[in-house]
Amino acid sequence: LPTRYRIDDEGIEEQRWPRRRRRAWTELRRVDVGGRALLVSPFVRASWLDRYRGMTVQFEGGDRAAIVAAVRARLPPESAP
């Protein structure tokens, strides 16, 4: 199914029919960047709960550098390496 992501000053939103998930920047503590996607997580260190509480943002067709910069700019300074 098609998935859309929206990044704004409030948080990050994933819309995949029929559901919509939204996480506020104040809830997120860490970003892990991979080759095809990034993971934003509410945990400071890697946890097995990341896949349930975090959100994976796929880069497919998007500008990878712009997406990573937008996410890192909005996370608290101590969380963005």
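**Charges and salt bridges in a predicted chain**

Let me begin with the charges: the chain carries 17 positive and 11 negative side chains, and the centres of these two sets lie 5 Å apart. Please keep in mind throughout that what we are looking at is a predicted model.

Before the pairs themselves, a word on the fold. The chain contains two helices and six strands, and if you read along the sequence, they come in the pattern β-β-β-β-β-α-β-α. The radius of gyration is 12 Å, close to the 12 Å that the globule rule gives for 81 residues, so the chain is as compact as a globular protein of that length. Along the principal axes, the C-alpha trace spans about 35 × 25 × 25 Å. Of the 81 residues, 32% are buried, and the accessible surface comes to about 5600 Å², with 50% of that belonging to carbon and sulfur atoms. As for contacts with a separation of 6 or more, 35% of them are made by residues 24 or more positions apart.

Now to the pairing. Side chains of opposite charge can pair when their charged atoms come close.

The next pair I would point to is Arg30 with Asp50, a salt bridge in which the closest N and O atoms are 2.6 Å apart. Here too distant parts of the chain are linked, with Arg30 in strand 4 (residues 30–33) and Asp50 in helix 1 (residues 50–53), 20 residues apart. Is Arg30 buried or exposed? At 8% relative accessibility, Arg30 counts as buried, and Asp50, at 7%, counts as buried as well.

Finally, there is a network to consider: salt bridges that share partners join Glu14, Arg16, Arg19 and Arg21 into one. Within this group, the side chains of Arg16 and Glu14 meet at 3.5 Å, N to O. Arg16 is partly exposed, with a relative accessible area of 31%, whereas Glu14 is buried, with a relative accessible area of 4%.

How values were computed. Residues numbered from 1 in each chain as written. Predicted model: local features only at pLDDT ≥ 70, side-chain atom pairs only at ≥ 80, totals over all residues. Heavy atoms only, no water. Salt bridge = Lys/Arg side-chain N within 4 Å of Asp/Glu carboxyl O. Buried < 20%, exposed > 50% of the residue type's maximum accessible area, 1.4 Å probe, protein only. Helix = DSSP H or I, 4+ residues; strand = E, 2+ residues; numbered from the N terminus. Rg over C-alpha atoms; globule rule 2.2 N^0.38 Å. Contact = heavy atoms within 4.5 Å. Areas by Shrake-Rupley, 256 points an atom, 1.4 Å probe, with all protein chains shown as cover. Lys, Arg positive; Asp, Glu negative; His and termini not counted. Charge placed at Lys NZ, Arg CZ, Asp CG, Glu CD.
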